Amino acid sequence: VPEPLVDLRTFARREMAATNVTTFVIGFAMFSTFILLPNFVQIPPERGFGFGASPIEVGLFFVPSSIAMMIAGPLAGSLGTRFGRVLPLRVGISLLVLALTLLATVHGEPWTIYAWMVFVGLGLACCFAALGTLVIDYSTAEETGVASAMNTIMRTVGAALGAQVAAAIITANTFAGTELPTERGFTIAFALSAVVAVLALTPTLLLRGRPAPRRGVPEPAPELP
């Protein structure tokens with residue numbers, strides 16, 4: 001149609017496609033973590049891992065990531081303004097990979113989960129602070145609303161896939177005669193999420209450090225001497 005609600009040509013542009021792919025992958029890693037962690041900490045310690053956490057205690061394990069996001073979000077925005085949006089995005093992905101790797105390998109004590117969730121919060125804050133602005137930077141003025149909405153959809157689709165893959169892995173690795181996941185299942189799922197998060201770095205290689213001025217927005221007039 002002459003004026004489509006969503007112009008698919010927008011997503012064929014290199015920068016926009018890379019931003020959306022990165023968002024998809026981060027959504028996958030983020031929601032796989034949100035599915036895995038509550039199940040992990042609720043496992044009775046008699047099984048050799050887990051902490052037998054109550055629903056309230058499960059929520060407390062997410063507090064460090066929430067606090068970290070509140071602190072890191074504005075800092076990531078400032079970092080992006082000063083050095084370009086791609087830098088905080090790559091820093092965020094790296095922190096997310098670190099957190100998922102640690103969750104997969106070092107999870108024997110409650111304090112380790114609290115500590116690694118700080119890295120999760122820092123990573124997500126840096127990623128989403130950068131991605132939201134990159135979508136605007138790489139779209140024209142008339143595309144802003146649709147481009148932002150489609151980027152959110154990409155994150156949601158990635159989240160749905162990540163949650164289902166994580167659930168499938170731990171469901172396929174259970175103690176005999178029970179529905180309780182084994183430690184091996186959690187290790188595999190967290191490790192897979194870390195590998196997927198590493199892949200999010202690849203599309204960022206297609207992004208410029210400082211996007212060109214947005215098309216459709218007039219350049220500011222030069223200052224008079």
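A search of this whole structure, which is a predicted model, turns up zero disulfides. C126 takes part in no disulfide, and the nearest cysteine sulfur, that of C127, lies 6.9 Å away. A disulfide needs the two sulfur atoms within 2.5 Å.

## The overall picture

Let us step back to the whole chain. The chain holds eight helices and zero strands. Reading from the N terminus, the order of elements is α-α-α-α-α-α-α-α. Along the principal axes, the C-alpha atoms fill a box of roughly 75 × 45 × 30 Å.

How much of the chain is buried? Of its 225 residues, 42% are buried. The chain exposes about 11,400 Å², and carbon and sulfur atoms supply 69% of that area. Contacts also tell us how the sequence folds back on itself: among those between residues at least 6 apart in sequence, 77% join residues at least 24 apart.

## The nonpolar core

The largest nonpolar core has 52 residues, and those touching the most other members are I26, V41, L89, L100, I113 and F186. Which elements give two or more residues to this core? They are α1 (14-42), α2 (55-61), α4 (86-105), α5 (110-137), α6 (144-172) and α7 (183-199). The most comes from α1, with 11 residues.

Leaving aside neighbours within four places in sequence, L89 is in contact with T22, I26, C126, C127, A130, L131, L134, T204 and L207. Both of the cysteines we began with are in that list.

| Helix | Residues | Span, first to last C-alpha | Expected span at 1.5 Å a residue |
|---|---|---|---|
| α6 | 29 residues | 42 Å | 42 Å |

Which residues of α6 are buried? They are A147, N151, G158, A159, G162, A163, A166, I169 and I170. The cover over these buried residues includes α1, α5 and α7.

In α7, the buried residues are G185, F186, A189, F190, S193, A194, V196 and A197. These pack against α1, α4, α6 and α8 (201-204). F186 is also among the core residues that touch the most other members.

T156 is another residue of helix α6. T156 counts as partly exposed because its relative accessible area is 48%. Although T156 and G27 are 129 residues apart in sequence, their C-alpha atoms are 6.6 Å apart in space.

## Aromatic rings

There are 11 aromatic pairs in the count. One of them joins F31 and F34: the ring centres are 5.5 Å apart and the planes stand at 65 degrees, so the pair is edge-to-face. The cut-off behind that label is over 60 degrees between the planes. F31 and F34 sit three residues apart in helix α1, which means they are separated by about one helical turn.

Are F31 and F34 buried, exposed or in between? F31 is partly exposed at 32% relative accessibility, and F34 is partly exposed with a relative accessible area of 29%.

Ring pairs also link a cluster made of F40, F49, F51, F61, Y114, F175 and F186.

## A proline in the last helix

Finally, find P203, which lies in helix α8. P203 counts as buried because its relative accessibility is 11%. Not counting residues up to four places away in sequence, P203 touches A18, V21 and T22. T22 is a contact of L89 as well.

How far is P203 from G52? The two are 151 residues apart in sequence, and their C-alpha atoms are 39 Å apart in space.

Definitions and conventions:
Residues numbered from 1 in each chain as written. Predicted model: local features only at pLDDT ≥ 70, side-chain atom pairs only at ≥ 80, totals over all residues. Heavy atoms only, no water. Core = buried A, V, L, I, M, F, W, Y, C linked by side-chain atoms within 4.5 Å. Buried < 20%, exposed > 50% of the residue type's maximum accessible area, 1.4 Å probe, protein only. Helix = DSSP H or I, 4+ residues; strand = E, 2+ residues; numbered from the N terminus. Contact = heavy atoms within 4.5 Å. Areas by Shrake-Rupley, 256 points an atom, 1.4 Å probe, with all protein chains shown as cover. Phe/Tyr/Trp six-rings, centres within 6.5 Å; stacked < 30°, edge-to-face > 60°. Expected span 1.5 Å × (residues − 1).
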